Amino acid sequence: MLSDALRDRFITVLGFWDADRDGAIEESDYEVAAGRIAGLSGLKPGSMEYEQLHSQLVNGGWQLMRQFDSNGDGRVTVEEALVGLRRATRRSAALSRGHRRAGLQLV
Ligand SMILES: [Ca+2]
Ligand SMILES: [Ca+2]
C-alpha cells in the first residue's frame with residue numbers, strides 16, 4: 001500500500017516528466033525533459049556527454065516508464081503509473097518477506 005506522502009511525491013515526479021502538460025507521460029516528454037536536464041548539467045547540445053546523458057535518460061527512463069502503459073497506447077497516465085507503482089511496491093514487500101524467511105537481509 002502506498003502512503004499518501006509517497007503517492008504525492010510520485011505524482012510530483014510525474015508532473016516533472018510531463019513536459020507538454022497533457023496529463024500523461026509519452027516518449028516525447030522524455031525527449032524534452034532529458035534535453036532540459038542535460039542543459040542544466042551544463043552540457044552543450046551535440047557534445048558526446050550531452051548525447052550520452054540525453055540518450056540514457058530517454059532510453060532508460062522511457063523504457064522503465066512504458067512498463068506502466070497498461071493499455072499500450074504509448075501514454076502513461078497518472079492512474080496507470082500509480083497502479084504500476086503499487087504493484088512494484090507489493091512485489092518489493094513480498095521479496096523482502098521472502099528474504100527474511102530465508103534468513104537473508106537486504107542491504
Ligand atoms: Ca505528456
Ligand atoms: Ca496508457
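## Report on the protein chain

Of the 107 residues in the protein chain, 11% count as buried. The model is predicted. Its protein chain has a mean pLDDT of 87, with 95% of the residues at 70 or more.

| Element | Residues | Mean pLDDT |
|---|---|---|
| Helix H4, lowest confidence | residues 78-101 | 83 |
| Strand S2, highest confidence | residues 76-77 | 96 |

The chain holds four helices and two strands, in the order α-β-α-α-β-α from the N terminus. Its radius of gyration is 17 Å, whereas a compact globule of 107 residues would be near 13 Å. Along the principal axes, the C-alpha atoms fill a box of roughly 50 × 30 × 25 Å. Among contacts between residues at least 6 apart in sequence, 39% join residues at least 24 apart.

Helix H2 can be followed in more detail. Helix H2 covers residues 27-40, and its 14 residues should span 20 Å at 1.5 Å a residue; the end C-alpha atoms are 20 Å apart, so the two values agree. Asp-29, Tyr-30, Ala-34 and Ala-38 are the buried residues of H2. Viewed down the helix axis, these buried residues lie within an arc of 155°, and therefore line one face of the helix. They pack against helix H1 (4-17), strand S1 (24-25) and helix H3 (48-65). Arg-36 and Leu-40, on the other side of H2, are exposed. After H2 comes Gly-42, which has a positive phi near 80°.

Notes: Residues are numbered from 1 along each chain as its sequence is written. Chains are lettered from A and ligands numbered from 1 in the order in which they are written. This is a predicted model: local features need pLDDT of at least 70, side-chain atom pairs count only at pLDDT 80 or more; totals for chains, interfaces and linings use all residues. pLDDT is the predictor's confidence in each residue, from 0 to 100. The radius of gyration is taken over C-alpha atoms; the globule rule is 2.2 Å times the number of residues to the power 0.38. A residue is buried if 20 or more other C-beta atoms lie within 10 Å of its own, exposed if 12 or fewer, and partly exposed in between; C-beta atoms are placed from the backbone. Two residues are in contact if their C-beta atoms, placed from the backbone, lie within 7 Å. The expected span of a helix is 1.5 Å times one less than its number of residues. The arc is that of the directions from the helix axis to the C-beta atoms.
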